[in-house]
Amino acid sequence: MKRIRTYFDLPPDTGSDVLGQIRAQVERLHRRLSQVHFTLAVLSGKGGVGKSVVTANLAAALAADRCRVGVVDADLNGPCMAKLLGARGQRLLVKADGVAPAVGAGGLKLMSMDLLLASDSAPVEWKGPEAESFVWRGTLEAGALREFLADTDWGALDYLLLDLPPGTDRIEPVHDLLPHLGGVVFVSLASDLSQFVVRKAVHRVRELGIPIVGFVENMAGYACPHCGTVGPLFGASAEFDGVPSLGRVPFDPELAALADRGRPFVLERPGSAAAAAFGQAARAVRAFFETGRTL
Amino acid sequence: MKFLCVDCDAQMRYEERELPGDGTLAVMFACPTCGRKVALLTNPMETQLVSSLGVKIGGRTVPDQPLETVRTQLGTGADGALVDEDTRRAPAWSAAAEDRLARVPGFVRGMVRRLYSEWAKERGIEEITPEVMDAARKELGLEEM
């Protein structure tokens, strides 16, 4: 029987050049991010721990420290960064070489699916056939995230933060797109349940070889609105083996209220315990990236 | 994906593609030695999987547009969310061409207008008509826009 040549026996594709098109996408992404000094993913694994609020305030604290900061809302299906940074409703100018990002509180540059959706209640719905959407949805979402990173005209940035959706696997598409991702900050509560899930995310990030900056413990105690004394909410502090604590952010009802109004707490209440914790986390991030040490 | 003419032991070459509008895709390949042709036919799910990669079967005919995948695939995009840069020096659009463009979803309309305008400008066309749009659409492979 005649031997049929295999895929690798044949010369490179001379028609569609799909691989060439994919390579061009990757090159465009690298060109765009060549002006970004440090990339940082904020990840939890667990939902409902206040990860996006931490991202917004960490970004705002870095900006307040005179860093040039951009934020990518990588939570395509539950985007909230535009609301948290007071950037909802901004229209984005498209030029041939890219899309101008929205500008939120503190001068933060932002790209989010929320800026593109038709209404407050509109979910992300793709046009493909619904019946087999599980086959193509993940690929399309990775492509959308790639475009957010590569097609946004970020200009020169010191830090680009990616706010990831819940799920211990959500770091993987980011790692595929950004193999040289600068680092990860985890967000967790002190509850056993939260730590139980976040540990899996820590494990996965270690497996992928991504540098770990540390973790922020959110809702670490309750700050009395009258006297400012911080009392416990979950008991003992969160701990992750070998992962440095960057800061413990106490729960503050005003933090949630200001978040709803698109005003990062760290900028509005700089003297508060929560703002101090965010500031401490931002300094630790800067120390990690800029001096290669932990605080 | 590559196609081999087994009789000639020659790699078949891409010839053309068609998007009939029902979600399927037809791509024709021909053997450079014997001329035999085959068609690759994909179902809507397979077509969508290729589109999701942000690649064009047959190769790109126009450069990647910013947020192209999101703009062409998102079904719940806001009409005015993206404002395409003013193309004041672009060719004029006839009323009939504007009517046809108005049928394109607002979320992607600005991008489609720019692609047609640039195509016409490069050819010295002063007014875009439906006939010009048809010619550009075919040449640029913008069947899905």
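Which backbone oxygen does the side chain of Gln65(B) reach? Select Gln65(B) and look for Pro63(B): the side chain of Gln65(B) comes to the backbone oxygen of Pro63(B) at 3.0 Å.

Before moving on, some housekeeping. This is a predicted model, where local features need pLDDT of at least 70 and side-chain atom pairs count only at pLDDT 80 or more, while totals for chains, interfaces and linings use all residues. Residues are numbered from 1 along each chain as its sequence is written, chains are lettered from A and ligands numbered from 1 in the order in which they are written, and side-chain values use heavy atoms, with hydrogens and water left out.

**Stop 1: around Gln65(B)**

Stay on Gln65(B), in the loop between helix H1 (44-52) and helix H2 (68-73) of chain B. Those helices are DSSP runs of H or I, at least four residues, numbered from the N terminus. Gln65(B) counts as buried because its relative accessibility is 6% (buried is under 20% relative accessible area, exposed over 50%, partly exposed in between, with a 1.4 Å probe and protein chains only).

**Stop 2: two domains of chain B**

Colour domain 1 (1-59) and domain 2 (62-145) of chain B; these bounds come from an automatic or database domain assignment. Their C-alpha centres lie 26 Å apart. Six residues of domain 1 are in contact with seven residues of domain 2.

Next, select Lys56(B) and Glu68(B), whose side chains meet in a salt bridge (3.7 Å, N to O). The term means a side-chain nitrogen of Lys or Arg within 4 Å of a carboxyl oxygen of Asp or Glu. The count between the two domains is one salt bridge.

**Stop 3: cysteines**

A disulfide is a pair of cysteine sulfur atoms within 2.5 Å, and the structure holds zero disulfides over all chains. Cys34(B) counts as partly exposed, at 42% relative accessibility.

Terms used. Helix = DSSP H or I, 4+ residues; strand = E, 2+ residues; numbered from the N terminus. Polar contact = N/O pair within 3.5 Å; in protein donor to acceptor, adjacent residues only side chain to side chain. Contact = heavy atoms within 4.5 Å.
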